[in-house]
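Me: I am new to this structure. Please take me through some of the labels used for it and show what backs each one.

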Amino acid sequence: MADHYEVLGVERDASPEDIKKAYRRLARQLHPDVNPGEDASEKFKLVTHAYDVLSDPEQRRRYDMGGDQSPFGGGGAAGFGGFSDIFETFFGGAQGGGGGRGPRPRSRRERGQDALVRVTLQLGDVVFGTHRDLEVDTAVLCETCQGACTQPGTSEVTCDICHGSGHVQRTVRSLLGNVVTGQPCTVCHGHGTTIPYPCGTCQGQGRVRARRTVSVDIPAGVESGLRLQLPGSGEVGPAGGPNGDLYLEITVEAHDAFSREGDDLVATLEVSMPDAILGATTTIESLDGSVDLEVRPGVQSGDVLTIKGRGITPLRGSQRGDLKVGVHVVTPTRLDHKERALIEEFAKRTKAPGPRLAEHQQGMFSKFRDRFRH
C-alpha cells in the first residue's frame with residue numbers, strides 16, 4: 001500500500017504548508033479536467049486521499065503511529081491487501097467517493113419537539129369539562145418555502161464532496177494496518193445535499209417561530225398534576241417534518257366552599273342549635289345551580305347529608321359522583337338573660353346527662369374532617 005508521504009513527494013517531517021503546496025502542485029497536474037486519462041484519475045484519488053489524512057493533525061498523528069509497514073509484512077496479511085481490503089471484502093469498500101453500501105443520507109425532515117402548556121382550571125370546570133382556546137408560542141411551517149428550506153424557484157443540489165451519500169470515508173493507519181472509517185460529511189452535515197439559496201424567511205430551516213391558537217376540549221374529571229396529550233399539536237419539525245405532541249398540565253384552583261374527594265364534592269353546612277333540634281329546610285348553591293337540602297330534626301355534628309348526582313363526572317365515565325355535606329352544629333356563645341333562662345329550663349326538662357366519653361365511631365364525616373379545617 002502506497003505511503004502517503006511518498007504519494008505527495010514530501011518528507012515525513014514536512015510542515016503543513018509543505019504538504020499543502022505539494023498537493024496543489026500534483027492536483028493541477030492530475031485533475032480529470034486537465035488530465036482525463038484513467039491512470040491520472042487513479043493517481044488523483046491517491047493524492048487527494050493522502051492529503052486528507054496528512055492535512056488533519058489527528059489523522060496524521062495516528063498514521064505516523066502505524067509506521068511504514070503492517071505487522072503482517074508487505075502491508076497486509078497473506079491473501080488480503082491489509083485491513084482496508086478486509087473491510088472492502090465484507091462491507092463493499094468505497095465507490096465513487098463514498099457510495100457503496102454505507103449509511104444512507106440523513107433526511108432534513110425531522111419530527112418536531114413536544115410542547116408543554118400549563119392550564120389553570122376552576123373546580124366548576126372539572127364538573128362538566130370545559131373548552132379553552134390556548135395561545136401557544138411554537139414553531140410553525142414557513143409559508144414562504146412550505147418546508148422546502150430553499151428560496152422559491154430553487155432547490156437543493158447534490159453535495160460535491162460526498163456525492164450525495166452524506167458520508168465520507170477516511171483511511172487511518174494503525175498498528176494493525178490501514179482501516180477505512182466512515183463519518184458524516186462536514187459540508188452537507190450528512191444530508192447528501194446542500195442548499196445554495198436558503199429561504200430568506202426561515203433561514204433554510206423550513207419553519208419559523210410564531211404564536212398560534214390551539215382549541216382544546218378539556219374533559220370532566222381532570223385533577224391537578226394530570227397531563228393531557230394532544231398528538232400532533234406540538235412544534236412542526238425541521239424542513240416541514242411532522243409535528244410533535246402538545247401536553248397540557250392541569251392545575252385546579254381551590255374553591256372557597258367545596259373540595260373534591262374522588263368523584264364526590266364535599267362541603268360543610270353550619271346549622272344553628274335550634275335548627276339542629278327542630279329540623280329545617282334550606283337552599284344551597286352548588287357548582288351547577290341551587291339545591292334544596294333538608295336538615296332532619298336532631299341532626300348531629302359530623303352527620304353527612306348526601307345529594308345524589310351533584311358531584312364530579314369521572315374522567316372515564318358518565319355517572320356523576322355525589323355532593324356530600326357535613327353538618328356542623330353551631331353552639332351560641334353569647335346569650336342574653338332570657339335566652340339563658342330558656343336553655344336552663346330546657347336542660348331541666350330534658351334531664352340530659354353530664355359530659356362523658358362516648359363509644360368511638362368512625363363516621364363518614366371523619367374522613368373529611370381534616371379537609372374542612374383548611
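Reply: Let us start with a residue in a loop. C149 has a relative accessibility of 3%, so C149 counts as buried. Buried means under 20% relative accessible area, exposed means over 50%, and partly exposed lies in between, with a 1.4 Å probe and protein chains only. C149 belongs to the loop between β2 and β3.

Me: What should I know about the model and the numbering?

Reply: This is a predicted model, where local features need pLDDT of at least 70, side-chain atom pairs count only at pLDDT 80 or more, and totals for chains, interfaces and linings use all residues. Residues are numbered from 1 along each chain as its sequence is written, and side-chain values use heavy atoms, with hydrogens and water left out.

Me: What makes the phi of C149 worth a remark?

Reply: Phi of C149 is near 75°, which is positive, and C149 is not a glycine. Most residues other than glycine have a negative phi. Q146 also has a positive phi, about 55°, and is not a glycine.

Me: Why is F346 given the label it has?

Reply: F346 has 43% relative accessibility, so it counts as partly exposed. F346 is in helix α8 (residues 337-350). Helices are DSSP runs of H or I with at least four residues, strands are runs of E with at least two, and both are numbered from the N terminus.

Me: What makes the nonpolar surface patch that includes F346?

Reply: I277, L278 and F346 make a patch of about 310 Å². Patch residues have over 30% relative accessible area and no salt bridge; nonpolar side chains (Val, Leu, Ile, Met, Phe, Trp, Tyr) are joined within 5 Å, like charges within 9 Å. A salt bridge is a side-chain nitrogen of Lys or Arg within 4 Å of a carboxyl oxygen of Asp or Glu.

Me: Which strands pair with β9, and in what sense?

Reply: Strand β1 (residues 115-121) pairs with β9 in the parallel sense, over 7 bridges. Strand β8 (residues 227-230) runs antiparallel to β9, with 4 bridges. Pairing takes at least two DSSP bridges, so both cases qualify. E249 in β9 stands opposite R118 and opposite R227.

Me: How do you know that β9 is mostly covered?

Reply: Of the 7 residues in β9 (residues 246-252), 5 are buried. In β1 lies V117. V117 has a relative accessible area of 16%, so V117 is buried.

Me: How do you know that the buried residues of α4 share a side?

Reply: In helix α4 (residues 57-65), Q59, R60 and Y63 are buried. They cover an arc of only 100° around the axis, so they lie on the same side of α4. The arc is that of the directions from the helix axis to the C-beta atoms. P57 and M65 are exposed on the other side.

Me: What makes D56 a cap of α4?

Reply: A side-chain oxygen of D56 lies 3.0 Å from the backbone nitrogen of E58, at the N-terminal end of α4. A polar contact is a pair of N or O atoms within 3.5 Å; within protein, one must be able to donate a hydrogen and the other to accept it, and residues adjacent in sequence count only if both atoms are side-chain atoms.

Definitions and conventions: Accessible areas come from the Shrake-Rupley method with a 1.4 Å probe; for residues, only the protein chains shown count as cover.
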